[in-house]
Amino acid sequence: MATRMTTGGVSTCTEAGTEKYEKFQMGIGRRKRTLVQYDYRHPADGELFSCVKPTLDECRTARDKWLTTKKGKEGNL
């Protein structure tokens, strides 16, 4: 898959607290689906969250769930 979001397989989302996304189509013939590739760089530690979902809203919901889980883990340390 050709993408503007990666260079040599590495995400170009490098600034902390930023998000990048792009839509792409996957499938054969008429059975193509549009999906969204989403990257988010955590502002505190720079950890990368990445996912592929059908919509941008679903990607952001998954990111929010990841942030909540991450915050819970940090509180237990």
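Visitor: Is R60 buried, partly exposed or exposed?

Guide: R60 counts as partly exposed, at 28% relative accessibility. Keep in mind that this is a predicted model.

Visitor: Which side chain does R60 meet in a salt bridge?

Guide: That would be E19, with N to O at 2.6 Å. E19 sits in strand β3 and R60 in helix α1 (residues 56-75), so the pair ties together parts that are 41 residues apart in sequence. E19 is partly exposed too, with a relative accessible area of 28%.

Visitor: Which residues are linked with E19 and R60 in a network of salt bridges?

Guide: R63 and D64 are in that network with them. The side chains of R63 and D64 meet in a salt bridge of their own, 3.1 Å from N to O. R63 is buried at 14% relative accessible area, while D64 is partly exposed at 37%.

Visitor: Where does R63 lie relative to Y40?

Guide: Over the face of the ring, 5.2 Å from its centre.

Visitor: Okay, D39 next. What is the nearest side chain of opposite charge to D39?

Guide: R41, and it is 7.0 Å away. A salt bridge needs the nitrogen within 4 Å of a carboxyl oxygen, and D39 has no salt bridge even though it is buried.

Visitor: What does the D39 side chain make a polar contact with, then?

Guide: The side chain of S50, at 2.7 Å. D39 itself lies in strand β4.

Visitor: Switching to aromatics. How many aromatic pairs does the structure hold?

Guide: Two. In one of them, the rings of Y38 and F49 have their centres 6.5 Å apart and their planes at 65 degrees, so that pair is edge-to-face. Y38 belongs to strand β4 (residues 33-41) and F49 to strand β5 (residues 48-53), so the pair ties together parts that are 11 residues apart in sequence.

Visitor: Which residues do the ring pairs link into a cluster?

Guide: Y38, F49 and W66. Y38 is buried at 0% relative accessible area, and F49 is buried as well, at 11%.

Visitor: Last one, A16. Where is it?

Guide: A16 is in the loop between β2 (10-11) and β3 (19-26). At 47% relative accessibility, A16 counts as partly exposed.

Visitor: What is A16 in contact with, leaving aside its neighbours within four places in sequence?

Guide: R41, H42 and P43. There's also G46, 30 residues apart from A16 along the chain, with the two C-alpha atoms separated by 5.4 Å.

Terms used. Residues are numbered from 1 along each chain as its sequence is written. This is a predicted model: local features need pLDDT of at least 70, side-chain atom pairs count only at pLDDT 80 or more; totals for chains, interfaces and linings use all residues. Side-chain values use heavy atoms; hydrogens and water are left out. Helices (H or I, at least four residues) and strands (E, at least two) are DSSP runs, numbered from the N terminus. Buried means under 20% relative accessible area, exposed over 50%, partly exposed in between (1.4 Å probe, protein chains only). Contact means heavy atoms within 4.5 Å. Rings of Phe, Tyr and Trp (its six-membered ring) pair if their centres lie within 6.5 Å; planes under 30 degrees apart count as stacked, over 60 as edge-to-face and the rest as tilted. A charge sits over a ring if NZ of Lys or CZ of Arg is within 6 Å of the ring centre and within 35 degrees of the ring normal. Lys and Arg count as positive and Asp and Glu as negative; His and the chain ends are not counted. A polar contact is a pair of N or O atoms within 3.5 Å; within protein, one must be able to donate a hydrogen and the other to accept it, and residues adjacent in sequence count only if both atoms are side-chain atoms.
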